Amino acid sequence: ILDMYAGIGYYTLPALIHGNALHVFACEWNPNALFALRHNIQDNCIEEDRVTILEGDCRTTVSGALDKARRVQAQSLSSDNGKDVYQDTLLLRGVDRISLGLLPSSEGGWETAIRSLRRDVGGWLHIHGNVPQSERNQWIQWVCIRLFEIACNEEEEEEEEDKIEPIPKEEPASIGLLSLRHVFSLMKSGSYSLSSSALGVKGLPASTFILCRNLGISVLEQQDSQEFWKLLLPELKLPILADIYSGSYEDYISAQDGSGRERRREETFLDISLEVSSGSVIHSMEEQFKKTELLSEKEGNGWRPEKGADKVDALKGSLLRAQGLPSLLQLHLKRFRYDWQTDVMSKINDKFEFPEVRAPFYFYEDLTCNLFINRECFCVGKAK
């Protein structure tokens with residue numbers, strides 16, 4: 001048994017005394033708890049060779065003990081340090097049960113725990129966590145998905161370490177993709193619940209708790225489609241999908257003193273935000289990628305090309321080149337503005353025009369694009 005958060009022995013002692021555990025590895029980093037743990041082990045007359053205390057962060061002490069076990073694996077049990085070799089061999093074989101008694105969450109120790117289980121038959125993880133009663137079932141499902149992902153990753157690492165030629169197979173799905181599949185599975189099955197199925201009721205809303213949890217957002221917070229998409233896409237970890245929407249543009253500052261000094265930086269994006277107040281798609285794109293801003297030295301807003309240099313007049317702008325366009329360009333309409341005087345967000349109700357047909361638009365000298373707009377879906381295709 002491995003007790004990753006032993007404390008004073010809440011689970012270590014019952015496992016040894018009442019559970020007749022062969023051996024317990026107890027992890028703890030609090031000095032006061034360690035003192036009490038040793039006292040309780042001695043006070044309950046527990047044999048020393050049945051318990052090993054690992055002091056420090058369990059995520060490193062368990063890994064360190066596993067490394068040590070590999071080094072002494074070939075030693076004889078009859079040697080002078082036979083007890084140590086015996087204990088190390090036990091840990092190398094893997095443990096049958098692991099206690100993860102840490103609140104509010106023990107998630108930080110799950111990778112170490114799975115790595116410590118027996119490889120031949122597996123084992124049990126006793127996971128503790130605080131979760132609202134109403135979200136208990138969703139939490140259980142999320143835990144299962146998360147553990148599955150960790151186990152798949154661990155299996156791949158072992159194959160690399162052992163230099164075993166892996167059997168060609170697909171990459172394991174990311175936690176984001178598994179969570180999304182779970183939502184669609186609930187939608188397909190009608191999201192039956194225990195109470196509704198008895199009544200023959202179908203069509204209850206599918207829970208998004210697991211998906212939102214893995215995206216790092218609250219299930220109770222409303223997300224618009226653009227915000228949700230930008231959170232979801234990176235978590236899916238599908239390069240073939242991300243490449244369709246990922247593009248780049250170039251920010252630049254160029255000195256106007258004839259020295260040729262300039263600074264350029266590439267910025268990546270999944271969509272381009274358009275100011276609704278500009279009046280149209282074309283005008284907004286021109287504001288971002290055609291117009292430049294003059295940084296005037298006389299007005300105290302000049303550009304300093306390098307540290308210690310004098311400020312000079314410079315032009316600042318952004319370039320969207322043909323090679324920086326994604327296969328599908330998403331345009332996000334910024335329909336809200338922040339009012340500094342009232343400290344509130346207000347909706348922009350200005351008129352905003354969309355071209356109804358193909359409209360040639362010049363972003364820069366070397367780029368001509370055709371803009372296709374279909375109400376809510378925007379895409380830009382590279383001109384031939």
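**Entry 1: a buried pair**

I began with tryptophan 229 and tyrosine 245, and both are buried. Buried means under 20% relative accessible area, exposed means over 50%, and partly exposed lies in between (1.4 Å probe, protein chains only). I note that this is a predicted model, in which local features need pLDDT of at least 70 and side-chain atom pairs count only at pLDDT 80 or more, while totals for chains, interfaces and linings use all residues. Residues are numbered from 1 along each chain as its sequence is written, and side-chain values use heavy atoms, with hydrogens and water left out.

**Entry 2: aromatic pairs**

I looked up the aromatic pairs and found five in the structure. Rings of Phe, Tyr and Trp (its six-membered ring) pair if their centres lie within 6.5 Å; planes under 30 degrees apart count as stacked, over 60 as edge-to-face and the rest as tilted. The ring centres of tryptophan 229 and tyrosine 245 are 5.1 Å apart and the planes stand at 70 degrees, so this pair is edge-to-face. Tryptophan 229 belongs to helix H10 (residues 225-236) and tyrosine 245 to helix H11 (residues 239-245), so the pair ties together parts 16 residues apart in sequence. Helices (H or I, at least four residues) and strands (E, at least two) are DSSP runs, numbered from the N terminus.

Next I took tyrosine 249 and phenylalanine 289, whose ring centres are 5.7 Å apart with planes at 65 degrees, so this pair is edge-to-face. Tyrosine 249 is in strand E6 (residues 247-255) and phenylalanine 289 in helix H12 (residues 281-289), so parts 40 residues apart in sequence are tied together. Tyrosine 249 is partly exposed at 23% relative accessible area, whereas phenylalanine 289 is buried at 3%. I also see Tyr249, Phe269 and Phe289 linked into a cluster by ring pairs.

**Entry 3: salt bridges**

How many salt bridges does a search of the whole structure find? I get 16, a salt bridge being a side-chain nitrogen of Lys or Arg within 4 Å of a carboxyl oxygen of Asp or Glu.

One of them joins arginine 146 to glutamate 107, with the closest N and O atoms 3.5 Å apart. This pair links distant parts of the chain, 39 residues apart: arginine 146 is in helix H6 (residues 136-161), and glutamate 107 is in the loop between strand E4 (97-100) and helix H5 (110-116). Arginine 146 is buried at 19% relative accessible area, and glutamate 107 is partly exposed at 28%.

I checked arginine 261 and aspartate 257, whose closest N and O atoms are 2.7 Å apart in a salt bridge. Arginine 261 is partly exposed at 26%, and aspartate 257 is partly exposed at 41%.

Glutamate 262 forms a salt bridge with arginine 264, the closest N and O atoms being 3.1 Å apart.

**Entry 4: a surface patch**

I found a nonpolar patch on the surface made of Phe336, Tyr338, Trp340 and Met345, with about 520 Å² of accessible area together. Patches are made of residues with over 30% relative accessible area and no salt bridge: like charges are joined within 9 Å, nonpolar side chains (Val, Leu, Ile, Met, Phe, Trp, Tyr) within 5 Å. The areas come from the Shrake-Rupley method with a 1.4 Å probe; for residues, only the protein chains shown count as cover. Tryptophan 340 sits in the loop between strand E12 (336-339) and strand E13 (344-347), and at 74% relative accessibility it is exposed.

**Entry 5: leucine 315**

I placed leucine 315 in strand E10 (residues 314-319). Its C-alpha is 4.8 Å from that of leucine 294, which is 21 residues away in sequence.

**Entry 6: backbone notes**

The peptide bond from leucine 103 to proline 104 is cis, with omega near 10 degrees. Asparagine 20 has phi near 50 degrees, a positive value in a residue other than glycine, and is exposed at 62% relative accessible area.

**Entry 7: confidence**

I looked up pLDDT, the predictor's confidence in each residue, from 0 to 100. The protein chain averages 77, and 76% of the residues score at least 70. Over residues 191-202 the pLDDT is below 50, and it stays under 50 over residues 357-384. Where pLDDT is low, the predicted coordinates should not be read in detail.

Key:
Contact means heavy atoms within 4.5 Å.
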